[in-house]
Amino acid sequence: MTAQPPVTALSRAIADPTPVDGLAARSPMAGLDRRSLGFVDVLAQSVGAVAPSAAAATCPVLVAARAGSGTLLAFLLAGVLMALVAYAVNQFTRRMAATGSLYTFAARGLGVRAGFATSAAMIVGYGFVAMFALLGAAYYGLTLLAHAVPGVTGSRGLVLLLLAGFGAVCLLVLWRGIRLSTRVTLVIELLSIAGILVLIVVLLVRVPGSSFAAVALPRSVGIPELAAGTTVAVTAFVGFESAATLGVESRRPFATIPRTIRWTVIAAGLLYLLSAYTQLAGFEALGGDLVASDSPVNDLAARAGVEWIGLLLDAALACSFLACALASTTALARVLFSLGREGIAPRALGRTHRRFRTPYVALAVGVAVEVAMPAVLVLAGMGAWQAMGVVVVCAAAGYMTAYALVCVATPFFLRRIGELTAGPAVAAAVAAAGLVAALALDLWLEASGDRALAVLLLAGVAVVAFALWALCRRRRPDALRRIGLYDEPTMGDVLGGAP
């Protein structure tokens with residue numbers, strides 16, 4: 001006779017669960033592929049949105065143009081500031097899973113107005129950085145093609161063709177499911193990072209060690225120059241929080257998303273410091289001027305006698321920008337989806353595909369705008385690189401505004417739920433002050449520089465956002481009161497919940 005296993009309290013609870021009241025039959029975010037993504041998929045979202053390989057290759061020269069020998073210190077200060085922002089954001093991600101991410105957090109801490117303003121800032125941030133990424137993929141794609149067909153880099157027709165082609169690739173991949181898009185993004189970005197690390201290792205071997213000390217410490221750098229360099233360095237980190245837009249689709253959102261956000265900032269910061277250090281030391285040892293270089297990594301590869309790495313990096317950077325476009329569009333579509341579900345945006349944006357469980361309407365609208373806006377700039381006479389400079393200013397302003405609002409909201413949210421402590425409050429206050437100062441300095445520098453068009457675009461977006469706010473207050477006040485929806489347990493999620 002077979003012995004029966006002992007009956008435990010757990011087995012009794014599973015066999016005859018106590019009924020749980022008060023649970024809804026359907027999540028406000030129903031239609032998405034809930035609880036389907038593991039840590040690797042969520043990590044891929046943040047890594048792709050940051051595009052660390054592209055930033056590591058292109059940002060050091062931009063920071064050096066403003067901070068000079070204070071470049072490494074500027075990256076370090078930017079990393080510390082973004083770590084504080086990540087700490088503030090994680091006060092929310094540990095407690096709620098929200099497709100609207102930052103704007104949901106701001107609404108829960110500061111109310112409807114802050115939530116709406118943050119949603120507008122996020123749309124600007126994710127939308128414009130996706131435009132930047134599509135332009136970057138086209139620019140480096142043409143640079144790669146120029147090795148075989150000289151003179152094609154100035155072709156506007158090819159830029160427009162590549163914009164449309166890369167946009168179509170993004171839509172196709174994202175339409176067919178979040179798991180496919182995150183895996184494609186991660187593979188592309190890891191290969192790109194490997195290419196950057198190969199060049200770094202080659203230069204570390206070939207550059208005399210004595211030259212590194214000469215670039216490690218700042219010399220004759222004023223506070224304004226250092227602040228300006230730090231502001232540019234901050235833009236290399238933006239997008240790290242985009243994993244939060246997958247809160248509904250993550251299996252263990254309260255553990256996976258905070259860990260992803262924290263380690264994305266740390267890993268990206270270390271890569272940027274290593275890349276900036278190597279580029280500064282490389283030009284110091286091999287001759288030339290980093291600030292005067294149009295393509296630092298290619299120039300260093302040529303000076304080090306490994307031009308084939310430059311060719312590899314052109315391909316890697318084109319792929320990295322495409323991965324960034326995929327991740328940024330993923331985040332943008334989730335924000336539009338959430339606004340559609342709340343009734344603030346057209347409700348069609350809140351629809352999901354029956355088979356693939358993706359917000360296909362929001363994806364189609366997002367990709368269409370991401371291709372159209374850069375195309376207009378190119379048709380107006382801008383080259384791809386010049387257009388990238390304009391749209392990245394808009395993207396950075398959107399991100400920094402959203403980050404600052406969430407940091408301000410953090411202590412209010414924690415106090416409201418009775419969990420406010422000194423650590424998060426101080427970190428959020430320091431981060432908010434730093435972001436506001438960085439944003440003000442950045443806009444002032446751009447308004448008086450060559451990219452004043454970006455400031456005008458931002459002013460136009462602000463006017464449109466204010467008009468939409470006024471329209472919603474008059475015609476959709478109930479929708480505004482619902483802003484800040486997040487995923488909640490349903491009857492099917494718990495024992496005793498399902499009828």
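The largest pocket holds about 900 Å³ of space. The model is predicted: local features need pLDDT of at least 70, side-chain atom pairs count only at pLDDT 80 or more, and totals for chains, interfaces and linings use all residues. Residues are numbered from 1 along each chain as its sequence is written, and side-chain values use heavy atoms, with hydrogens and water left out. A search of the whole structure also finds four cavities of 30 Å³ or more.

- The search runs on a 1 Å grid over the protein atoms alone; a cavity is a set of points where a 1.4 Å probe fits but cannot get out.
- A pocket is an open set with protein on both sides within 12 Å along at least five of seven lines, and lining residues have an atom within 4 Å of a point.
- Grid points are joined across faces, edges and corners, and a volume is the space filled by probe spheres set on the points.

**Pockets**

- The largest pocket is lined by 40 residues. Leu 62, Phe 132, Gly 389, Val 392 and Arg 451 lie nearest its centre.
- Helix 15 (384-416) gives the most to this lining, with nine residues. Helices here are DSSP runs (H or I, at least four residues), numbered from the N terminus.
- Other helices that each supply at least two residues include helix 3 (52-67), helix 6 (112-146), helix 10 (223-234) and helix 13 (307-342).
- By class, the lining of the largest pocket has 27 nonpolar, seven polar and six charged residues. Ala, Val, Leu, Ile, Met, Phe, Trp, Tyr, Cys and Pro count as nonpolar, Asp, Glu, Lys and Arg as charged, and the others, Gly among them, as polar.
- The second largest pocket has a volume of about 770 Å³. Of its 29 lining residues, Ala 120, Ile 123, Leu 336, Val 464 and Leu 468 are closest to its centre.
- Helix 6, helix 13, helix 14 (360-379) and helix 17 each give two or more residues to the lining of the second largest pocket. That lining divides into 23 nonpolar, three polar and three charged residues.

**Cavities**

- The largest cavity has a volume of about 60 Å³. Its lining includes Ala 57, Thr 58, Val 61, Tyr 140, Asp 294 and Trp 385.
- Helix 3 gives the most to the lining of the largest cavity, with three residues. Seven nonpolar, two polar and one charged residues make up that lining.
- The second largest cavity has a volume of about 50 Å³. Helix 8 supplies the largest share of its lining, four residues.
- The lining of the second largest cavity has five nonpolar, three polar and no charged residues.

**Helix packing**

- Helix 3 and helix 10 pack at about 165 degrees, with axes 7 Å apart. Axes are lines fitted to C-alpha atoms, for helices over the stretch in contact, and angles run from 0 to 180 degrees between N-to-C directions.
- Helix 3 and helix 10 are therefore roughly antiparallel (under 35 degrees is roughly parallel, over 145 roughly antiparallel, 65 to 115 roughly perpendicular, the rest oblique).
- Leu 62, Val 63, Arg 66 and Ala 67 in helix 3 meet residues of helix 10, including Glu 225 and Ala 228. Contact means heavy atoms within 4.5 Å.
- The axes of helix 16 (residues 422-447) and helix 17 (residues 452-475) come within 7 Å and cross at roughly 120 degrees. That makes helix 16 oblique to helix 17.
- Leu 443, Glu 446 and Ala 447 in helix 16 meet Ala 452, Val 455 and Leu 458 in helix 17. This contact has five nonpolar, no polar and one charged residues.
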